[in-house]
Amino acid sequence: QVQLIESGGGLVQAGGSLRLSCAASGRTFNSYSMGWFRQAPGKERECVAAISGSGARTYYVDSVKGRFTISRDNPKNTVYLQMNSLKPEDTAVYYCAADLRRSSYTYTTAVYEYDYWGQGTQVTVSS
């Protein structure tokens, strides 16, 4: 069992920055990959970024490359999403998720392959 608690969302003007945090508990954190997803009203949930358990491999969806950075601090059981140069189209509920099935050297971007989810945090970017 893994529990995930997100924090750091809020309202920001376009061009601003936010850092999301996701604290995990319950299993050996560095043994599983983590992902950040977002879901806007009327849209499907998409993987924004993912990181392997070791932290060596990362993924970003094209729309956030160069603006968002995913990282993890394994001793603190926490994964982060630094979001810079935010745009109104980044507005969504952001979720962190844990994938316990893959090795610590890889990750997945598929929603159905993640085992545990946080409660979500709202990010709103005003124009």
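**Figure 1. A close-up of Arg101 and its salt-bridge partner, Asp115.** With 52% relative accessibility, Arg101 counts as exposed, since the cut-off for that label is over 50%. Keep in mind that this is a predicted model. The side chains of Arg101 and Asp115 meet at 2.9 Å, N to O. Both residues sit in the loop between S9 and strand S10 (116-117), so their pairing ties together parts 14 residues apart in sequence. Asp115 is partly exposed, at 30% relative accessibility.

**Figure 2. Here the view moves to Arg102 and Glu113, another salt bridge.** The closest N and O atoms are 3.7 Å apart in this pair. Arg102 and Glu113 each lie in the loop between S9 and S10, so the bridge ties together parts that are 11 residues apart in sequence. Arg102 is partly exposed at 22%, while Glu113 comes in at 17% and counts as buried.

**Figure 3. Now for Asp90 and Arg67, a salt bridge linking distant parts of the chain.** Their closest N and O atoms are 2.8 Å apart. Asp90 belongs to the loop between strand S8 (78-83) and strand S9 (92-99), and Arg67 to the loop between strand S6 (58-60) and strand S7 (68-73), 23 residues away. Across the whole structure, a search turns up seven salt bridges.

**Figure 4. Last up is Ser21, a residue of strand S3 (residues 18-25).** Ser21 counts as buried, with 15% relative accessibility. Beyond its neighbours within four places in sequence, Ser21 is in contact with Ile5, Glu6, Ser7, Trp36, Thr78, Val79 and Tyr80.

Notes
Residues numbered from 1 in each chain as written. Predicted model: local features only at pLDDT ≥ 70, side-chain atom pairs only at ≥ 80, totals over all residues. Heavy atoms only, no water. Helix = DSSP H or I, 4+ residues; strand = E, 2+ residues; numbered from the N terminus. Buried < 20%, exposed > 50% of the residue type's maximum accessible area, 1.4 Å probe, protein only. Contact = heavy atoms within 4.5 Å. Salt bridge = Lys/Arg side-chain N within 4 Å of Asp/Glu carboxyl O.
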